[in-house]
Amino acid sequence: MPQLLLTTAYGYNDATYDDFVSDVLTNTDYSGNRLPYSSKHNFSATAQYDQPLAEGVMLSARGEYVYRGATFSDQANTPLYQNDDYNIVNARLGVSFADPAIELTVWARNLFDERYTRDLFGGSSAFSPGAYGGFIGDPRTYGFELRKKF
């Protein structure tokens, strides 16, 4: 008997500083700014379909969608250090056998190769004045898994 499982999740996060003066010497006030790495909106949805193919043989297909809202990498909410929102789609297709207890799955993460940043930062030193850097999100990856249950 085929089975379809659908899930969704939504998160709303209004994380801001109520009262935050960073440095008494410069009196930098970050009150009202968003906390670093806190996105205001997050959403995910999954769909999984399981279909028996024969006695002891199951086909499974799964799709996942993930949305993460924009974030800042610093307390000042500097536009240069804003990580844009992004959308990721993942997929899996597998077949499992009851005897022997083996499962073979092919998968893809970030299926549409969404380009996004996870962390942007800057700083200066004598060797790199006005330096700017960051970490990018994982590119599309794909592979397969072979599992054996004992």
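Accessible areas here come from the Shrake-Rupley method with a 1.4 Å probe, and for residues only the protein chains shown count as cover. On that basis the protein chain exposes about 10,300 Å², of which carbon and sulfur atoms supply 58%. This is a predicted model: local features need pLDDT of at least 70, side-chain atom pairs count only at pLDDT 80 or more, and totals for chains, interfaces and linings use all residues. Residues are numbered from 1 along each chain as its sequence is written, and side-chain values use heavy atoms, with hydrogens and water left out.

**Whole chain**

- The protein chain has 10 strands and zero helices; helices (H or I, at least four residues) and strands (E, at least two) are DSSP runs, numbered from the N terminus.
- Along the sequence the pattern reads β-β-β-β-β-β-β-β-β-β.
- The radius of gyration of the protein chain is 22 Å, whereas a compact globule of 150 residues would have one near 15 Å; the radius is taken over C-alpha atoms, and the globule rule is 2.2 Å times the number of residues to the power 0.38.
- Taken along the principal axes, the C-alpha atoms fill a box of roughly 75 × 35 × 30 Å.
- Of the 150 residues, 23% count as buried (buried means under 20% relative accessible area, exposed over 50%, partly exposed in between, with a 1.4 Å probe and protein chains only).
- Among contacts (heavy atoms within 4.5 Å) between residues at least 6 apart in sequence, 54% join residues at least 24 apart.
- The 12 positive and 18 negative charges have mean positions 9 Å apart; Lys and Arg count as positive and Asp and Glu as negative, while His and the chain ends are not counted, and the place of a charge is NZ of Lys, CZ of Arg, CG of Asp or CD of Glu.

**Two buried residues**

- R34 sits in the loop between β1 (3-12) and β2 (41-54), and it counts as buried because its relative accessibility is 14%.
- A polar atom of the R34 side chain lies 3.0 Å from the backbone oxygen of N13.
- Beyond its neighbours within four places in sequence, R34 is in contact with N13, D14, A15, T16, Y17, S39, K40, F72 and N77.
- N83 belongs to strand β5 (residues 82-83) and is buried, since its relative accessible area is 2%.
- The N83 side chain makes a polar contact with the side chain of S73 at 2.9 Å (a polar contact is a pair of N or O atoms within 3.5 Å; within protein, one must be able to donate a hydrogen and the other to accept it, and residues adjacent in sequence count only if both atoms are side-chain atoms).
- A polar atom of the N83 side chain also lies 3.3 Å from the backbone nitrogen of D119.
- Residues up to four places away in sequence aside, N83 touches A70, T71, F72, S73, T117, R118, D119 and L120.

**Towards the end of the sequence**

- D138 is placed in the loop between β9 (131-136) and β10.
- Not counting residues up to four places away in sequence, D138 touches N110, E114 and Y116.
- From C-alpha to C-alpha, D138 and L5 are 27 Å apart in space, and they are 133 residues apart in sequence.
- L146 lies in strand β10 (residues 141-148) and counts as exposed because its relative accessibility is 61%.
- Leaving aside neighbours within four places in sequence, L146 is in contact with I102, E103 and L104.
- L146 and L111 are 35 residues apart in sequence, with 20 Å between their C-alpha atoms.
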